Amino acid sequence: MFGAWSDPQLKAQWFTGPPERWTLLRRSLDFRVGGHEVLEGRFQESGTVTLFEARFHVIEPARRLVYTYDLHHSGRFHSVTLSSLELESEAGGTRFSYTEQIVFLDGKDGTADRRHGTGIQFDMIEATLRSCGGMQ
């Protein structure tokens, strides 16, 4: 499970926009404390460009990850987020807890959209790990 965040090839499989509607413009991952991650892409139907810029604060392999990220929509500063992932081994797998604390800067409460998008990402993580034999 930790590899889904730390391995650039695995992360590229799940941390992306919908392939039928979104075009990748830029991606980078410097996975270390103080390192940065960037993901930028464009939605084809609306032309909206999304820019995700993260910085890693705490990395405890196979145990904990804490990072912050800024999200921009077509040049507008949309939100700032503090994210934490905690992992715990258990019989037959890994139990995880994921928390986000978000400040929306555009005057709108985007909580429902964020929950929806995060749910899709966790479904994609599961599919990615199953396809590479990382889950049973």
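In which strand is Glu-40 found? Glu-40 belongs to strand 2, strands being DSSP runs of E of at least two residues and helices runs of H or I of at least four, both numbered from the N terminus. The model is predicted, so that local features need pLDDT of at least 70 and side-chain atom pairs pLDDT 80 or more, while totals for chains, interfaces and linings use all residues. Residues are numbered from 1 along each chain as its sequence is written, and side-chain values use heavy atoms, without hydrogens and water.

With a relative accessibility of 16%, Glu-40 counts as buried (under 20% relative accessible area, with exposed over 50% and partly exposed in between; 1.4 Å probe, protein chains only). Leaving aside residues up to four places away in sequence, Glu-40 touches several residues, including Trp-22, Arg-26 and Val-49 (heavy atoms within 4.5 Å).

Eleven aromatic pairs are present (ring centres of Phe, Tyr and Trp, the last by its six-membered ring, within 6.5 Å; planes under 30 degrees apart are stacked, over 60 edge-to-face, the rest tilted). The rings of Phe-31 and Phe-56 are edge-to-face, because their centres lie 5.0 Å apart and their planes stand at 65°. This pair links distant parts of the chain, 25 residues apart: Phe-31 lies in the loop between strand 1 (22-29) and strand 2 (36-43), and Phe-56 in strand 3 (residues 49-60). Phe-56 is buried, at a relative accessible area of 1%. Ring pairs join both residues into a cluster whose members include Trp-5, Phe-15 and Tyr-98.
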